[in-house]
Amino acid sequence: MMFTFRTGVRNSATPRAVPFTVFITFCIFGKKWVKPSGFDTGLKTYNSLTKQKEPLVLAREGVATWYSCGPTVYDHAHLGHACSYVRFDILQRILSSFFGVTIVHAMVITDIDDKIIRRSWEENVSPAVIARMYEDEFKKDMLSLKVIPPAVYLRVTENVHHIVLFIDRIIRNGHAYATKEGDVYFDIQSIGDRYGRFAGAVESQGEAGSSSKRDQRDFALWKQSKPQEPFWESPWGRGRPGWHIECSTVASCVFGSQLDIHSGGIDLAFPHHENEVAQSEAYHQCDQWANYFLHSGHLHLKGSAEKMSKSLKNYITIKDFLESYSADEFRMFCLLTKYRSAIDYSDSSMSEARSSLGTISTFIHDAQAYMKGQLQCSAVQEDLLWERFAETKSAVLKALSDDFDTPRAVSALMNLVYHGNCQLHPVSMPDGGVRSPAVFGAIITYIREVLEVFGIDPLYRKEADVLSSSGSLQAVVEQLTHFRSEVRAFALTRQDDSTTGSSKKPGLYPDRIPLLKACDSLRNDLAPLGVLIKDRGATSTWEIKAGQRGQDKGQETSS
Ligand SMILES: Nc1ncnc2c1ncn2[C@@H]1O[C@H](COP(=O)(O)OP(=O)(O)OP(=O)(O)O)[C@@H](O)[C@H]1O
Ligand SMILES: [Zn+2]
C-alpha cells in the first residue's frame, strides 16, 4: 500500500501569483456556465451550477459520462443512501431507455477517512477490513434494490499514487501549496471569484486545519498522518489524501478533463462538489470541468429535521427495511416525489407506494382476465381508450423530459389505469357485444414497459407478500392434507382374517386402492405448485416451499 513519489515541487506556504493565462481566462469567464456543444438529448435537467433547468447536451452523441460520489464505508448502508442511489439509478434508466443514451458511470468508494480509522480503533481491526466489510454490504444492498452497478467502482486506497500526481500538478499550476507541517492546501484566493458556484460557499469559514493556511477557506488536498494512522509516502511526507481530491482525481483518471454529469446528495454540493470543481479546473486548467451537477434531496424520518445519516445514528438499514417492504415498493416511493425534493419516510408513505403498485397490478390482472375472456364485461369504449393510451404516452415522455419528473409520469400512468378500470364493467351474463382485448393488451404492455424502465415489475410478488398471503394458503393446505390423511387412513386399513376368510396375511381392501392412488396423484400434482406432502407410513407431513418445482422425490409411495 506504500507509495513513494519524488518530484521537485515547491514546499512553501508563501503566496504565488496566478499564472497569467489562467488569470485571464478566469477574468473572462468568471462563474459563467457555458452551454456545452454536442448532442442535445431533448431533455431538460436542473443544473445546480446555474440553479435552473438547462437542455441536457452531451459531448458525444448517445453517450453520457457520469461520475457519482460513493459512500464512506464505515457503517451499514441506510435508507438515505438507498434514496439517493435509487433515484439516480432511475434517472440513468430513463436517460438510457427513453432517450437512447449509454451511461458510462463511475463511482468511487471512500475507503480511507477519519471515520473509518476511528471505527477501526473501536473494533480493533484494520481500517482496510472495516472498509471492505461495509463496501461489500453496500454493493449487496444496492443489488437488492435493483440499482444497476456503475461501469466501474473504484477505491480511494487504490488510487493514492494518482492522487499524489494530481496534487503535484495543482501545486505546479499555482493553485495549491504545501505547509511546513506536511499538509497541502488548495489556494482558494488563486481562483478568485470562481470559488462559490454552489450556495454556501461565500460565507464559508472553511475546515479547521493548520495555522499555516493562507486563507481560512483553503481546504486540505493532502493531510500529514498522525501517529497510528495509515499513511502513504509523498513529496510532502507521510500522509493521506483529503476527502475532495479523491473524486477529482478518480473522475479525471476515468473521464479525462471533461465530464457530462456529476451527481450526489444535496449535502455534497458544498463544500465537497465546490472543492472538486476548484481542484479539477485548476488541474486541467479548464473553465468547465463537469457540465451538469445533479443533486438529490434528502430522506428524513417523518417529523425529523435531520437527514438520515450514519453519523447521527438515526438510520434504518436497507436490510431491515427489506424485511418489511420490497425493492419495487421502495422504487415506487422514490418515484412519487421529484428526485430533487426532500422526502419523508414513514409507514404511511410506504403504504401509499404499496397501494399504488397494488392498484396497477390488480388492473393488469383484471385486464389479462378480460383479454382471456375470463372476465365478462359490457361493451368497452375502445376509441376512448386508444385516445387515453396515446395521451398517456406523450404525457409520460413530456414529464420525463422535464427534469425527470417521475411523479407526473406515474400520475399519467395511474390516470390510464383509472380509465382502463372504468371500462371494465363486469357482467354476470355475456351480452354478445364487441370485445376489445387489443387495447387492454396495449395498455398493460405499455405500463409494464414504463415500470420496467423504472426497475419495477408490477407482477412480481415480494416474498413477504407471498408469506402473508400464504397465511390463508396454509389453512387451505392444512384442511386439504387433513382430509387426504383421513382418506389415506381409510384406504390403508387392512382386512382382518374374518373378513377375507383366508389364512394368508391380511391385505388392503381392493375397492379402496383407487383412493390411495388418488392420494398419490394429489401429492404429486401439488409438489410442482410448491406444496410438499411427505407420507411417512400412515401419517403425512407437509410444507410450502416458494419456488419449489417438485424437486423432492425422496418420499414413499402409498400404494
Ligand atoms: N438521508 C439521506 N438522504 C439522501 N441522500 C443521502 C442521505 N444520507 C446520505 N446520502 C447520500 O449518500 C451518499 C453517500 O453518503 P455518505 O456515505 O456520506 O453517508 P452519510 O450517512 O451521510 O454519512 P455521514 O453521516 O458519515 O456523513 C451521498 O451522495 C449522500 O448525499
Ligand atoms: Zn465526490
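Predicted model: local features only at pLDDT ≥ 70, side-chain atom pairs only at ≥ 80, totals over all residues.
View 1. Residues are numbered from 1 along each chain as its sequence is written, while chains are lettered from A and ligands numbered from 1 in the order in which they are written.

**View 2. Helix α7 (residues 269-284) is largely enclosed by the rest of the structure, because twelve of its 16 residues are buried.** Buried means that 20 or more other C-beta atoms, placed from the backbone, lie within 10 Å of the residue's own. Helices (H or I, at least four residues) and strands (E, at least two) are DSSP runs, numbered from the N terminus. Among the buried residues of α7 are P271, H273, E274 and Y283. The cover over them includes α5 (160-172), β7 (184-186), α6 (243-255), β10 (259-265) and β11 (290-296). Contact here means C-beta atoms, placed from the backbone, within 7 Å. Just after α7, Q285 has a positive phi of about 50 degrees.

**View 3. Ligand 1 is surrounded by 20 residues.** The closest are P71, G80, G265, S309 and S311. Two or more shell residues come from each of β3 (63-72), α2 (79-99) and β10. Helix α2 gives the largest share, four residues. A residue is near the ligand if its C-beta atom, placed from the backbone, lies within 6 Å of it.

Note on methods: Contact = placed C-beta atoms within 7 Å.
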